[in-house]
Amino acid sequence: MAAGVPPDALGRRVSCGTDYGTVRYVGSVSRTAGIWLGVEWDDPQRGKHDGSYEGTQYFKCRHPKGGSFIRPNKANFGVDFLTAVKDRYGLNDKQDVQYGTGNTVVFGTKTVEFVGMDSVAEQQRQDYLTECSFSCRQLNKLVDISVRECAVSHAGQEEEISRTCANMRHINLSKNLISSWDTVIAIASHVQNLETLNVSENKMKFPSTSTFISNAFSNLKILALNQTEITWTEVLLCAQGWPILEELYLSSNNITVLERPDTVLQTLKLLDLSDNQLLDGNQLHLIAQLPRLEQLILRNTGISSIHFPDAGFGCKTKMFLSLKRLAINDNKISQWSSINELDKLPSLRALQCNNNPFMDTEKNPETLIQLIIAKISQLEVLNNCEILPAERRGAELDYRKIFGKDWLEAGGHWNPEKNKPSEEFLAAHPRYPALCLKYGAPEEGELKGQQPLTLKNQLLTLTIKCPEKPEQKPVEKKLPESMTIQKVKGLLYRLLKIPGSELKLSYESSKLEGKEVELDNDLKPLQFYSIESGDCVLVRW
């Protein structure tokens, strides 16, 4: 092997300036002198050809112009883990430590800001304030380190890692030159208390068959493998060595097919599969029995539908029993039936679903939000916004009224003995029977009141009472449903001579006797709270 070229160069990761690639060929090239490296670049724009030169194919690339030849002295094959740590934090035996402001420490001439959580960094800093010097031997005081983009390619002296990294718990190894999962094991196996590991953006070789199960990750709880080209099959093989893993990040790995993880990942609480183009939504059924999975991130996975075939209308599925938070934004879901299906998830509390085609079916964004809220009974957070009780009540009452005519035409009736809505209606509105039980079935006369919106139709006839001031007689007022609570308080100031800032408003529905709802947002209109003619506004101060 030529000078400067490692004996195991073939398949190794290298960098050249800011570009990263994989060595696919080492040797001579026709009509040139010396040794060349044939590199397949991560960014095809950096390449020139597909690995062939003057009719000879020296290596192959996935992209027709993803490869090129470079001289060995242009390639950086990287450094060992501890060298990267020492370089990153400016540590050697001769440097003294000084303490800067905030979470910074000065090692020699380098100012280092501790990475990771503020509380961890501050605790480290306080520990170090009692030290007079900081030598290489004291690397074991570091708990949270980052050597991102430090050209780490191999473990190095493993015994020294054990000796100097005893207290490391959180390591960021992302975007380095690691070419094999074995290298990650070699580093981790000597960091006994490792809890968090990020090896994203390292294109690695993973085991393709069941091998010796290392105990290197026996304490690992969080693992990031984004952009590593790992397959789901390889995930399951490696997962045999992740006995207590709670969070797994697998974004952008071209994972298309899933398999059932029968004996692994049983402690997993969070799984991120975003930016992997799954074959179809039914792939999700294969991971639906993970017993502790609470959060599933499926952003931009290409899914077009969601279906839980084990549960009928109004029933809960036995899939994803622990799932509380689901992200399905940036997908191809076009039918509202998939949103109906989400109501079958027994524990779902938070949903992200922006940028899906079904959202284009409703032009009014407020109506769109109301429909989603009404269709998913236990939802508490939608697209990162909390759903207030009054908002849910308003959404459900509006849904009940909007589709009441369809319900009647499909065989629905306020008399339970005659109430036989069609299967087609129940498929489109599976929550409608539950809403009828909650608020009462809509009567024909109530639905006939739906007329084109004019000023007259928008006026609400409301009774205004002061329950704690019996000397104040009830007053009947006709108010526009678009009137904000703030303006209602202004009207009441003219009536009662009490400043609006001191007034507390609520209302009782004529249909739900004894149930009082606060009007707690001055900027919201009356219609936001689904107030109807005949309701009673209660005023206190």
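Visitor: Which residues does serine 68 touch, not counting residues up to four places away in sequence?

Guide: Its list runs Leu37, Gly38, Val39, Trp41, Arg46, Gly47, Lys48, His49 and Phe59. Contact here means heavy atoms within 4.5 Å. Before we go on: this is a predicted model, where local features need pLDDT of at least 70 and side-chain atom pairs count only at pLDDT 80 or more, while totals for chains, interfaces and linings use all residues. Residues are numbered from 1 along each chain as its sequence is written, and side-chain values use heavy atoms, with hydrogens and water left out.

Visitor: Why does serine 68 count as buried?

Guide: Buried means under 20% relative accessible area (over 50% is exposed, in between is partly exposed; 1.4 Å probe, protein chains only). Serine 68 has 3% relative accessibility, so it counts as buried. You'll find serine 68 in strand E6; strands are DSSP runs of E, at least two residues, and helices are runs of H or I, at least four, numbered from the N terminus.

Visitor: What makes the link from the side chain of serine 68 to the side chain of tryptophan 41 a polar contact?

Guide: The rule asks for a pair of N or O atoms within 3.5 Å; within protein, one must be able to donate a hydrogen and the other to accept it, and residues adjacent in sequence count only if both atoms are side-chain atoms. The two side chains come to 2.7 Å, and the contact is counted as polar. Tryptophan 41 also has arginine 46 over its face, 4.2 Å from the ring centre. The test there is CZ of Arg, or NZ of Lys, within 6 Å of the ring centre and within 35 degrees of the ring normal. Lysine 524 does it too, with its charged end over the ring of phenylalanine 528, 4.5 Å from the centre.

Visitor: What about phenylalanine 69: why is it called buried?

Guide: Phenylalanine 69 has a relative accessible area of 16%, so it falls on the buried side of the cut-off. It lies in strand E6 (residues 67-70). Leaving aside neighbours within four places in sequence, its contacts include Tyr25, Trp36, His49 and Tyr58.

Visitor: How do you know that the buried residues of H1 are on the same side?

Guide: The buried ones in helix H1 (residues 81-89) are Phe81, Leu82, Ala84, Val85 and Tyr89. They cover an arc of only 160° around the axis, which puts them on the same side. The arc is that of the directions from the helix axis to the C-beta atoms. In general, an α-helix has 3.6 residues a turn, so residues three or four places apart point the same way.

Visitor: What caps the N-terminal end of H1?

Guide: That's aspartate 80, with a side-chain oxygen 3.1 Å from the backbone nitrogen of leucine 82. After H1 comes glycine 90, with a positive phi near 60°.

Visitor: Why is the pair of tryptophan 336 and phenylalanine 358 edge-to-face?

Guide: Rings of Phe, Tyr and Trp (its six-membered ring) pair if their centres lie within 6.5 Å; planes under 30 degrees apart count as stacked, over 60 as edge-to-face and the rest as tilted. That rule gives 14 aromatic pairs. In this one the centres are 5.0 Å apart and the planes at 75°, so edge-to-face it is. Tryptophan 336 sits in helix H6 and phenylalanine 358 in the loop between strand E20 and helix H7, so the pair ties together parts 22 residues apart in sequence. Both residues are buried. Phenylalanine 425 and tyrosine 432 make another edge-to-face pair, at 5.4 Å and 80°. Those two also belong to one aromatic cluster with Tyr399, Phe403 and Trp407.

Visitor: Why does tyrosine 432 count as buried?

Guide: Its relative accessibility is 0%, so it passes the test. In helix H11 (residues 432-439), tyrosine 432 is buried along with Leu435, Cys436 and Tyr439. These fall within an arc of 105° seen down the axis, so they line one face of the helix. They pack against helices H8, H9 and H10.

Visitor: Why does asparagine 383 count as buried?

Guide: Asparagine 383 is at 17% relative accessibility, so it counts as buried. Its side chain reaches the backbone nitrogen of cysteine 353 at 2.8 Å and makes a polar contact with the side chain of asparagine 354 at 3.1 Å.
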